[in-house]
Amino acid sequence: MKLLYNILWFEDEKEWYESIVGYIENFLKEKGFKLLANRYDTIGDDIFVEISTGKFDLVIVDHKLIGDNSGETLIEKLREDKIYTNIIFYSQYGEKQVRDIIKTKGIDGVFCADRDRDNFLDKVFKVIKNTIIKVEDINNIRGLFMACTGELDMLMDKIVEKTVSDLSEAQQNNCCSKIHSKFLKSLHDRMLKLKGLEKPANIRNLLELLESIHKWRAIKRLCSSNIILKKYKTEIDSYEEKIIKKRNLLAHVVEVNENHKPVLRSTPYIPHMQLGEFE
């Protein structure tokens, strides 16, 4: 799972754009986001339809574009259409010029910047930080981590199913039976459901009853006989420590404030976790 940050950028000087966009990409990467930047050098009618979809986190607009296009025309139209996406409006003639334009036209909610690289990036970084602040909230990050591990669970299902499907029917039956009998001993609340399965169990029905730790162990066992999985043995071996244990901890903690800093705390017997431990 990747966090995407979408920028719609109106700039007709490709070289200047390319000299700047890398800094923004790196800034977002440090925050855990991947930049998706869409650059246009002119304004078409279809652009308003695209912006109205709400998929963009930020719109960046140069004052002077190709032909008779002007940045303030675009911004006016967006606000008239009640599209309130964050906008950064900039000009080579300085921040004051675009700020005066915005003030004269009475347009609300627009951040103004100079084309000077340092001034421009400072403004962009501040606006981006403001737009992602809720995502950086420690409880939201916990939710994102849980969502990521959910996707990994689905991937493990596919790995086990694909690996088993490449075996002969007799080998599939034997594999399912071994996984079934092995996990039956350690599963408590699911034991009755597992006992109700026919032997040898169908792999899809069996996977629906297994928790992440048991799916991971199934893949480890399949590693010994599958050439493709053997190549990833190191990564597979580390999955429990890096993912499963942290996911289980995150599922049973709450956010508390200690020394004016948010931390995640579980029971009094388990030390609290700082956010950095999950990076």
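Setting aside neighbours within four places in sequence, I128 is in contact (heavy atoms within 4.5 Å) with Y5, I24, F27, L28 and L58. The model is a predicted one, in which local features need pLDDT of at least 70 and side-chain atom pairs count only at pLDDT 80 or more, while totals for chains, interfaces and linings use all residues. Residues are numbered from 1 along each chain as its sequence is written, and side-chain values use heavy atoms, with hydrogens and water left out.

I128 also turns up in the largest nonpolar core, a set of 23 residues in which W9, I24, I60, F120 and I128 touch the most other members. A core here is a set of buried Ala, Val, Leu, Ile, Met, Phe, Trp, Tyr and Cys residues joined through side-chain atoms within 4.5 Å; buried means under 20% relative accessible area, with a 1.4 Å probe and protein chains only. Two or more residues come from each of β1 (3-10), α1 (14-30), β2 (33-40), β3, β4 and α5 (117-131). Helix α1 gives the largest share, seven residues. A second, separate core has 22 residues, among them I43, F89, V98 and C112. As a rule, nonpolar side chains in soluble globular proteins tend to be buried together.

Now for strand β4 (residues 87-91), where five of the five residues are buried, so the strand is largely enclosed by the rest of the structure. The cover is on both faces: I87, F89 and S91 are buried on one side, and I88 and Y90 on the other. Strands pair if DSSP finds at least two bridges between them. By that rule β4 pairs with β3 (residues 58-62) in the parallel sense, over four bridges, and F89 of β4 is the bridge partner of V61. Strand β5 (residues 110-114) also runs parallel to β4, joined to it by five bridges, with S91 standing opposite D114 of β5. Between β4 and β5 the chain passes through helix α4 (residues 95-105), making a right-handed β-α-β crossover; that is, with the strands pointing away from the viewer, the path from the first strand over the helix to the second runs clockwise.

As for the whole chain, there are twelve helices and seven strands, taken as DSSP runs numbered from the N terminus (helices H or I, at least four residues; strands E, at least two). Of the 279 residues, 38% are buried. Among contacts between residues at least 6 apart in sequence, 65% join residues at least 24 apart.

Technical notes:
Buried means under 20% relative accessible area, exposed over 50%, partly exposed in between (1.4 Å probe, protein chains only).
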